[in-house]
Amino acid sequence: MLLLNNHRLGTNTLKRIYMLQDIKKTLWSAADKLRANVDAAEYKHIALGLIFLKFISDSFAGRQKELSRRFADANDEFYIADADEQTILEELEDRDYYKSANVFWVPETARWEALRANAKQADIGKRIDDALDVIEKENPTLKGILDKRYARAPLPDGKLGELVDLILRYPHKIFNENKKMS
């Protein structure tokens, strides 16, 4: 326990404070990368859009990892007896498993790893816009909400890829820490 202004802070509160500090640092770093090239009113959309994309992709990957474990557990209701690797991979692409857990469906081309692998490409802005577009098409509740401005963002070559790398530092557990602490 830590005492702050005569209040005892538990482990979960401290984790939340550190997590928020990390997110704040990331947002400031993102703003610093954009500041010279993009109007202040504009760069929040670029940074927050990427963070949202990372969040839903990480949530998807977390659910996929959980499902893989459950498919292999003979005591679990999702157990698939005598399943080969191909069967498991096909089962992991079943949207219903994600919808039932309130996790957005993220098509393979829109997953963070696919974008990160191409972060240094000159067309990363278009790839991000395309990823957001396909996510909207697969998740009707997101229709018209996601801001697709990356291909036309007034950034010098490589700057958007640097942002992708910056946001990569924050793993799934950071973005989902509130679920565990609530």
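Biologist: How many salt bridges does a search of the whole structure find?

Modeller: The search finds 14, where a salt bridge is a side-chain nitrogen of Lys or Arg within 4 Å of a carboxyl oxygen of Asp or Glu. This is a predicted model, so local features need pLDDT of at least 70 and side-chain atom pairs count only at pLDDT 80 or more, while totals for chains, interfaces and linings use all residues. Residues are numbered from 1 along each chain as its sequence is written, and side-chain values use heavy atoms, with hydrogens and water left out.

Biologist: Fine. What does the side chain of R70 meet in a salt bridge?

Modeller: E66, with 3.7 Å from N to O. Both residues belong to helix α2, which covers residues 40-72, and R70 and E66 are four residues apart there, about one turn of the helix. Helices (H or I, at least four residues) and strands (E, at least two) are DSSP runs, numbered from the N terminus.

Biologist: Is R70 buried or exposed?

Modeller: R70 counts as buried because its relative accessibility is 14%. Buried means under 20% relative accessible area, exposed over 50%, and partly exposed in between (1.4 Å probe, protein chains only). E66 has 28% relative accessibility, so E66 counts as partly exposed.

Biologist: Which residues are linked with R70 and E66 in a network of salt bridges?

Modeller: R63, D76 and E77 are in the network along with R70 and E66.

Biologist: And where does R70 lie relative to F78?

Modeller: R70 lies over the face of F78, 4.1 Å from the ring centre. A charge sits over a ring if NZ of Lys or CZ of Arg is within 6 Å of the ring centre and within 35 degrees of the ring normal. R111 has its charged end over the ring of W105, at 5.7 Å from the centre of that ring.

Biologist: Back to salt bridges. What does E138 pair with?

Modeller: The side chain of E138 meets that of R95, at 2.9 Å from N to O. This pair links distant parts of the chain, with E138 in helix α6 (residues 124-138) and R95 in helix α4 (residues 95-99), 43 residues apart. E138 is partly exposed at a relative accessible area of 26%, and R95 is partly exposed at 33%.

Biologist: What about R116, what's its partner?

Modeller: E113, in a salt bridge of 3.2 Å from N to O. R116 and E113 are three residues apart in helix α5 (residues 112-117), so about one helical turn separates them. R116 is partly exposed, with a relative accessible area of 30%, and E113 counts as partly exposed at 47% relative accessibility.

Biologist: Switching to aromatics. How many pairs?

Modeller: Six in the whole structure. Rings of Phe, Tyr and Trp (its six-membered ring) pair if their centres lie within 6.5 Å; planes under 30 degrees apart count as stacked, over 60 as edge-to-face and the rest as tilted.

Biologist: Why does F60 with Y98 get the label it has?

Modeller: The F60 and Y98 ring centres are 4.3 Å apart and the planes are at 15°, so the pair is stacked. F60 in helix α2 and Y98 in helix α4 are 38 residues apart, which makes this a link between distant parts of the chain. F60 and Y98 are both buried, and together with W105 they form one aromatic cluster.

Biologist: How do the rings of F71 and Y97 sit?

Modeller: The centres of those two rings are 5.3 Å apart and the planes are at 65°, so the F71 and Y97 pair is edge-to-face. This pair also links distant parts of the chain: F71 is in helix α2, Y97 in helix α4, and they are 26 residues apart. F71 is buried at a relative accessible area of 1%, and Y97 is buried at 15%.

Biologist: Helix packing next. At what angle do α6 and α7 cross?

Modeller: Roughly 55°, with the axes of α6 and helix α7 (residues 159-168) coming within 9 Å. Axes are lines fitted to C-alpha atoms, for helices over the stretch in contact, and angles run from 0 to 180 degrees between N-to-C directions. α6 and α7 are therefore oblique to each other, given that angles under 35 degrees count as roughly parallel, over 145 as roughly antiparallel, 65 to 115 as roughly perpendicular and the rest as oblique.

Biologist: Which residues meet there?

Modeller: From α6, I124, G125 and I128 meet L160, G161 and V164 of α7.

Biologist: And the overall layout, what is the secondary structure?

Modeller: Nine helices and two strands, in the order β-β-α-α-α-α-α-α-α-α-α along the sequence. Of the 182 residues, 36% are buried. Among contacts (heavy atoms within 4.5 Å) between residues at least 6 apart in sequence, 65% join residues at least 24 apart.
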